[in-house]
Amino acid sequence: MGRKAMCAVPPMGWNSWNTFTDKINEDLIKETVDAMKDQGFLEAGYEYVVMDDCWSLKERDSEDKLVADPDKFPHGIKALSDYVHEKGFKFGMYSCCGTRTCANYPGSFEYEYEDARQFAQWGVDYLKYDNCFKPQNQDGKTLYRRMGLALANSGRDIVFSACQWGKDSVYDWIRSSGAHLFRSTGDINDSWNSIKDIALSQMDKMSYSGSYCHNDMDMLVVGMYGKGGNEYICAGGCTDEEYQTHFSLWAMMNSPLMIGCDVRNLSSQAKKILLNRDMIAINQDIECRTPFLLNCESNSTDLFVMVKFLSGGDLAVGMFNMGDVPAMGVVDFWDLGLPVSAGMSLEFYDCIDHVNMGKHNEMFSAKVPEHGSKVYRCRLVSKK
Ligand code: GLA
């Protein structure tokens with residue numbers, strides 16, 4: 001029996017780190033699962049519930065096994081993963097390729113196969129694997145391949161989420177390691193600058209991401225409003241417009257969509273952003289085509305237009321204004337591969353406001369607010 005192919009499209013779910021850091025426990029995970037289920041997150045595609053760093057005791061036991069902190073998880077990990085599964089979700093955990101995790105709990109270096117077996121026994125479906133405390137003489141590439149092989153032979157289908165921050169030319173070798181997604185940047189924080197920096201840093205890297213191995217631009221900060229789990233993550237928070245742009249970018253750029261806020265206390269705006277089915281459909285398009293940047297005749301150098309071919313012939317067109325004043329975005333259909341000679345128009349559907357913008361010929365323009373975005377699904381239709 002072979003393994004199932006996993007993550008044809010970017011995984012979606014929730015991760016504990018951004019909001020809760022070391023303040024995780026079984027009640028929090030259960031309440032999160034319940035809240036996600038009740039509010040329709042599972043139906044929308046958010047399937048992985050991932051517990052990040054700080055779940056274990058500070059040392060392994062006498063048999064060298066990882067031990068869940070009994071104060072945080074009095075019923076143990078298996079009972080928790082059973083709960084997550086009963087509700088229809090998949091369960092994720094965290095470890096590190098070095099000797100310790102980033103928050104200084106035991107890492108998996110030289111325990112890779114044993115830990116992979118342990119995760120499989122606990123019913124884990126997803127492992128986030130970090131990059132701290134790597135022994136100096138060790139090559140990251142080898143260590144990620146090692147865990148990739150261990151997980152693939154653990155007897156359970158476990159998604160391998162490499163968290164390697166884009167170091168050591170990760171783009172060149174990560175697909176070879178068995179990873180289904182790979183972090184490409186340092187940690188996000190809850191600020192417009194962080195969102196902007198991450199997105200801009202990946203513009204020339206988008207072609208490294210594809211089916212079964214996706215560029216992970218880090219967990220979403222949508223809906224956090226400055227309530228991060230530590231000082232670094234807090235960073236002041238963002239406006240709803242900025243959170244929307246963040247989501248639009250991650251969706252268009254084919255990043256995994258891992259929610260990082262407290263889903264038990266969501267604002268209606270954050271909920272609307274995260275549950276937007278039209279945007280999710282663009283992110284989850286089965287072909288995972290690389291988006292491309294369009295020449296854009298804008299009045300601002302801070303505005304860019306990104307286009308993604310979707311299966312079935314539609315196009316997703318995103319306009320992003322990274323600048324501090326409103327700007328006009330202009331799309332010339334010639335640049336999209338649609339010359340006048342084609343005799344076709346483009347019908348625009350606004351995926352954020354969910355309105356049909358009608359048929360357009362040769363070009364389309366829109367005003368984009370500062371730090372704002374517009375995302376359209378466009379269909380080729382006859383001019384007549
Ligand atoms: C690193 C990772 C974060 C998070 C923390 C946990 O910084 O990049 O996403 O997992 O470790 O300590």
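The crossing of helices α5 and α6 is right-handed. (A crossing is left-handed if the near helix is turned anticlockwise from the far one by less than a right angle, and right-handed if clockwise.) Helices (H or I, at least four residues) and strands (E, at least two) are DSSP runs, numbered from the N terminus.

This model is predicted: local features need pLDDT of at least 70, side-chain atom pairs count only at pLDDT 80 or more, and totals for chains, interfaces and linings use all residues. Residues are numbered from 1 along each chain as its sequence is written, and side-chain values use heavy atoms, with hydrogens and water left out.

**The α5 and α6 pair**

Helix α6 spans residues 140–152. Its axis lies 9 Å from that of α5, and the two pack at an angle of about 40°. The helices are therefore oblique to each other. (Angles under 35 degrees count as roughly parallel, over 145 as roughly antiparallel, 65 to 115 as roughly perpendicular and the rest as oblique.) From α5, the contact uses E112, Y113, D115 and A116. From α6, it uses L143, R146, M147, L149, A150 and L151. Contact means heavy atoms within 4.5 Å.

**The parallel sheet**

Now follow the strands. Eight of them form an open sheet, in the order β7-β6-β5-β4-β3-β2-β1-β8, with parallel pairing. (Two strands pair if DSSP finds at least two bridges between them.) At the edges sit β7 (214–216) and β8 (257–259), each pairing on one side only. From one strand to the next, the twist averages 25°.

Look at one pair inside this sheet. Strand β3 (residues 90–96) runs parallel to strand β4 (residues 126–130), and five bridges join them. C96 has D130 in β4 as its bridge partner.

Helix α2 (residues 26–38) packs on the sheet. There α2 touches β1 (12–15) and β2 (48–50), and its direction makes about 145° with that of β1. (Axes are lines fitted to C-alpha atoms, for helices over the stretch in contact, and angles run from 0 to 180 degrees between N-to-C directions.)

**Helix α4 and its buried side**

Helix α4 (residues 76–86) lies across β2 and β3, at about 140° to β3. Which residues of α4 are buried? They are I77, L80, S81, Y83 and V84. These residues cover an arc of only 155° around the axis, so they sit on the same side of α4. (The arc is that of the directions from the helix axis to the C-beta atoms.) An α-helix has 3.6 residues a turn, so residues three or four places apart point the same way.

What do the buried residues of α4 pack against? Their partners are α2, β2, β3 and α5 (112–122). Just after α4 comes G88, with a positive phi of about 95°.

Most residues other than glycine have a negative phi. T21 has a positive value, and D64 has one too. T21 counts as buried, whereas D64 counts as partly exposed. (Buried means under 20% relative accessible area, exposed over 50%, partly exposed in between, with a 1.4 Å probe and protein chains only.)

**The antiparallel sheet**

A further open sheet has six strands, in the order β9-β10-β11-β16-β13-β14, with antiparallel pairing. Its edge strands are β9 (292–294) and β14 (355–360), each pairing on one side only. Direction ignored, neighbouring strands are turned by 30° against each other on average.

Three bridges join β9 to strand β10 (residues 303–309) in the antiparallel sense. L294 has V305 in β10 as its bridge partner.

Helix α10 (residues 240–252) packs on this sheet and touches β10, β11 (315–321) and β16 (373–382). The direction of α10 makes about 140° with that of β11.

Helix α8 (residues 192–201) packs with α10 at an angle of about 20°, with their axes 10 Å apart. So α8 is roughly parallel to α10. Is their crossing left-handed or right-handed? The crossing of α8 and α10 is left-handed. From α8, W192, I195, I198 and A199 meet E242, T245, H246, L249 and W250 of α10.

**Strands β12 and β15**

Strand β12 (residues 327–332) pairs with β15 in the antiparallel sense, over six bridges. V330 stands opposite S365 in β15. Strand β15 (residues 363–368) has two faces. F364, A366 and V368 form the covered face, while M363, S365 and K367 form the uncovered one.
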